Amino acid sequence: MKTRAIVVIDLKAFYASVECIDRGLDPFSVPLVVADVERGEHTIVLSVSPFLKEQGIPSRLRVNELPKNHRYIFAKPRMERYIQRSNEIISIFLQFVSEKDIHIYSIDEAFIDLTSYLEYYKLSAYELVTKILNQIKNETGLTATAGIGDNMFLSKVALDVYAKKSPDGIASISKDEIKTKLWTISPLHNVWGIGQRTETRLNLMNIYSLKDLANTPKDILTSCFGIIGEQLYWHANGVDNSDLTEPYIPSNTSIGIGQVLPKAYSVSQCRLIVKEMCEDLFYRLFGECKKTKCVHLYLGFDKSGSKAKQLSLPFASDDLEEIASNVLYLFDTLASSKPIRRVSISFSCLSDNINIEQLELFVPIEEKRKKKQLYSTIFHIRQKYGENSLLKLSALLEYSTVIERHNQIGGHHR
């Protein structure tokens with residue numbers, strides 16, 4: 001079987017680097033932070049410049065947790081701009097390879113199968129990747145790093161563990177280097193696909209390295225972790241049969257939305273926030289032509305503590321009123337006198353909307369059709385003119401967050 005050449009390319013400190021370059025600044029020499037400081041000192045930092053990362057400052061912290069020894073440049077998040085820049089990077093990939101050989105993993109990371117192009121370009125995988133990274137730098141000013149491997153797993157580990165320490169930002173792991181480059185990685189949570197919780201469970205089994213994992217009988221791992229255990233076993237042995245060209249289909253379908261509120265909200269104020277978020281998530285559900293049979297609500301309180309609960313619907317639904325009433329029922333059940341600071345809503349047990357209706361005795365079919373037509377009209381107006389083109393009057397209330405939230409993800413206020 002022909003050895004494959006898979007590369008994963010990651011844009012270094014993407015959001016912060018975009019903001020630096022747009023300002024004519026060097027991302028490697030300025031303390032720029034992407035965070036909306038107008039939302040308060042507890043707002044989440046989305047990205048920090050490579051200059052700050054090199055000093056050990058992580059991207060995921062709150063503004064008030066930033067070390068005090070810098071005069072930070074704060075940039076308000078602009079998701080629409082980041083998406084635009086991400087599309088420019090994809091256009092550069094398409095100068096070298098076909099669309100079918102690109103798998104977009106996230107807004108700042110993509111896998112590319114270079115196998116069939118090496119002979120065409122008369123280049124090694126390392127040389128071709130170097131050309132792509134140089135093209136990204138020349139056309140956009142952004143710096144990228146890359147991991148090369150015989151499969152997706154090895155390339156991702158090469159990126160996460162080795163490339164970011166390499167002078168040219170490129171590293172590789174082949175199947176011949178599994179013992180020297182893969183088995184020596186520790187701790188285990190540094191490996192793609194192994195989180196802190198899984199690492200703790202593995203440690204309880206005296207498994208502390210990928211070598212330990214590779215030498216553990218597959219049957220034992222499967223009995224402890226199910227199908228994930230088998231995947232862990234094969235990955236530890238450098239085997240990954242994932243087909244980069246096949247679209248990823250999640251086994252547990254769900255969609256969600258969440259936000260940290262700019263300040264502590266009272267129960268009555270937060271009820272409006274829940275309504276707004278539920279409506280936004282509903283139109284995402286509607287746009288994906290899905291129904292939901294289970295709704296989930298999480299509330300995080302200001303000082304400490306949180307509550308969460310889910311509710312199964314009698315039938316899978318794509319009716320906003322029905323879904324919202326159940327989410328608000330959960331809210332009324334969970335909310336107390338405590339001020340609220342965090343809210344998350346998710347819809348799960350999704351199914352395709354195939355226009356098969358569960359008829360209700362007291363709801364005329366014509367009324368349901370009119371609702372669907374209204375949802376469709378609102379959805380298409382928002383798609384064409386932006387999320388803020390059509391809002392409820394309550395969006396103008398002082399404590400509403402819907403306009404600002406839409407602006408952060410590229411909506412347009414008109």
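## Ground rules

Helices (H or I, at least four residues) and strands (E, at least two) are DSSP runs, numbered from the N terminus. This is a predicted model, so to speak: local features need pLDDT of at least 70, side-chain atom pairs count only at pLDDT 80 or more, and totals for chains, interfaces and linings use all residues. Residues are numbered from 1 along each chain as its sequence is written, and side-chain values use heavy atoms, with hydrogens and water left out.

## Cavities

There are 3 cavities of 30 Å³ or more in here. A cavity is a set of points, on a 1 Å grid over the protein atoms alone, where a 1.4 Å probe fits but cannot get out; lining residues have an atom within 4 Å of a point. Points are joined across faces, edges and corners, and a volume is the space filled by probe spheres set on them.

The largest cavity holds about 80 Å³ of space. By class, the lining splits into 8 nonpolar, 2 polar and 2 charged (Ala, Val, Leu, Ile, Met, Phe, Trp, Tyr, Cys and Pro count as nonpolar, Asp, Glu, Lys and Arg as charged, and the others, Gly among them, as polar). The second largest cavity comes in at about 40 Å³. Helix 9 (210-214) and helix 11 (227-236) each supply at least two of its lining residues, and that lining has no charged residues.

## Salt bridges

The structure holds 14 salt bridges, each a side-chain nitrogen of Lys or Arg within 4 Å of a carboxyl oxygen of Asp or Glu. E109, one of the residues lining the largest cavity, pairs with K156 at 2.9 Å between the closest N and O atoms. E109 sits in strand 6 and K156 in helix 6 (residues 152-162), so the pair ties together parts 47 residues apart in sequence. E109 is buried at 10% relative accessible area (buried is under 20%, exposed over 50%, partly exposed in between, with a 1.4 Å probe and protein chains only).

Within helix 3, R85 and E88 are 3 residues apart, about one turn, and their salt bridge has its closest N and O atoms 2.6 Å apart.

## Around S49

S49 lies in the loop between strand 3 (47-48) and helix 2 (50-53), and counts as buried because its relative accessibility is 0%. Its side chain reaches the backbone oxygen of V30 at 2.6 Å.

Definitions and conventions:
Polar contact = N/O pair within 3.5 Å; in protein donor to acceptor, adjacent residues only side chain to side chain. 1 Å grid on protein atoms, 1.4 Å probe; cavity = no way out; pocket = protein on both sides within 12 Å on 5 of 7 lines; lining within 4 Å.
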